[in-house]
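Dear colleague,

Please find below the structure that I am handing over to you. My notes on what was found in it follow directly after.

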Amino acid sequence: MSPFKRKRAGQDSVDFKPKKGKLVPDEGKDLEEVGREKEHEITVPAPISQGKWTNKERVLIFSSRGINFRTRHLMQDLRTMMPHAKADTKMDRKDKLFVINEVCEIKNCNKCLYFEAKKKQDLYMWISNSPHGPSAKFLVQNIHTLAELKLTGNCLKGSRPLLSFDPKFDKEPHYALLKELFIQTFSTPRYHPKSQPFVDHVFTFTIADNRIWFRNYQIIEEDGSLVEIGPRFVLNLMKIFQGSFGGPTLYENPDFRSPNMHRREMRLAAAAKVREKQMVKEMQKGKKTSAKEDLESDVTADVFLTPAEEKPADIQTEAPETKVVKKKQKAFKRQRMQMARR
């Protein structure tokens, strides 16, 4: 038997028995009064729990093929924080999601966190109650793992966390359903064999900008001062299904935009900026050419011009006489050479 189990067994033998409290008399009381008080003894009943692991929630955390290193580190951080989590090999992307229910049954898990990667840049997370449902699908954004964040917080491995929820979770029915899913998935069962009997960190779920922000803080003082540990990520809700990984749609987020649509809008905005710059350049170029034309043609040059008298046009009815041009006779080359010798 391990020392941790021996310690727990010793606690069970001592703590889980009913106790009797005795009343100690003061110095100024009579013996008759003390005898009356002895008749009224206080019996402290034993606690309801007998130290047994009754809430056997197990969470299967795994992913599909094609994930990057950041998702792999995030899954490892979640398994470290949740001692009741189990791991499995990556699932092929060609397989249907209903196969996950069979994997959960083989692994003896009743909750599942499945990370689905698409296009090697988009990450989706399924949280499901296997095998009957419900399940929810999220788009995971702004992932920061324990390895990359330089945070000073630290907590005991395997300790039980406190779950802190935003008050907005109780105002709308779909948030209330997600709250119950998060409680059953992320909370460590009491008396779990791998858990430690300490509460030294807090999981916070906050709603802002129609998204759920997850943070992990360490409790460092009795007054409730917190230091962030990590990891951190943002969940953008897509749909809530009645079944596990499928079934009728209970809720669909009207504010959700797919990453493909977001990237398309970014490309269109960038193209519009380029077109606007080109139009501005063409307008500036047209203004420069018009200014040059104005400088070349002086408006005041026509002020000092005097109109001349109109002369009648002479129309020749006969062709002009041809002029005969006599050609000069040039001496031959031999004659020119003889004249040059003389």
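A salt bridge here is a side-chain nitrogen of Lys or Arg within 4 Å of a carboxyl oxygen of Asp or Glu. The model is predicted: local features need pLDDT of at least 70, side-chain atom pairs count only at pLDDT 80 or more, and totals for chains, interfaces and linings use all residues. Residues are numbered from 1 along each chain as its sequence is written, and side-chain values use heavy atoms, with hydrogens and water left out.

Confidence

The predictor's confidence in each residue is given as pLDDT, from 0 to 100. Its mean over the chain is 83, and 81% of the residues reach 70 or more. Over residues 1-14 pLDDT stays under 50, and the model has eleven contacts for this stretch beyond four places in sequence; a contact means heavy atoms within 4.5 Å. Where pLDDT is low, the predicted coordinates should not be read in detail.

Salt bridges

The count comes to nine salt bridges. Helices (H or I, at least four residues) and strands (E, at least two) are DSSP runs, numbered from the N terminus. Buried means under 20% relative accessible area, exposed over 50%, and partly exposed in between (1.4 Å probe, protein chains only).

Glu-228 forms a salt bridge with Arg-215, with 3.8 Å between the closest N and O atoms. This pair links distant parts of the chain, since Glu-228 lies in strand β11 and Arg-215 in strand β10 (residues 211-219), 13 residues apart. Both Glu-228 and Arg-215 are buried. Glu-228 also meets Arg-232 in a salt bridge (2.8 Å, N to O). Arg-232 counts as partly exposed because its relative accessibility is 22%.

Asp-122 is in strand β6 (residues 122-129) and Arg-263 in helix α6 (residues 259-296), 141 residues apart. At 9% relative accessibility Asp-122 counts as buried, whereas Arg-263, at 24%, counts as partly exposed.

Val-227

Val-227 is in strand β11 (residues 226-228). Its relative accessibility is 19%, so Val-227 counts as buried. Beyond its neighbours within four places in sequence, Val-227 is in contact with Thr-152, Gly-153, Asn-216, Tyr-217, Gln-218 and Ile-220.

Helix α4

In helix α4 (residues 99-106), the buried residues are Ile-100, Asn-101, Val-103 and Cys-104. Seen down the axis of α4, they fall within an arc of 160 degrees, so they line one face of the helix; the arc is that of the directions from the helix axis to the C-beta atoms. The face turned away from this buried side carries the exposed residues Glu-102, Glu-105 and Ile-106. Strands β3 (59-63) and β5 (111-118) are among what covers the buried residues of α4. Just after α4, Asn-108 takes a positive phi of about 60 degrees.

Strands β8 and β9

Strand β8 (residues 159-165) pairs with strand β9 (residues 196-208) in the parallel sense over six bridges; two strands pair if DSSP finds at least two bridges between them. Ser-164 has Thr-204 in β9 as its bridge partner.

With kind regards
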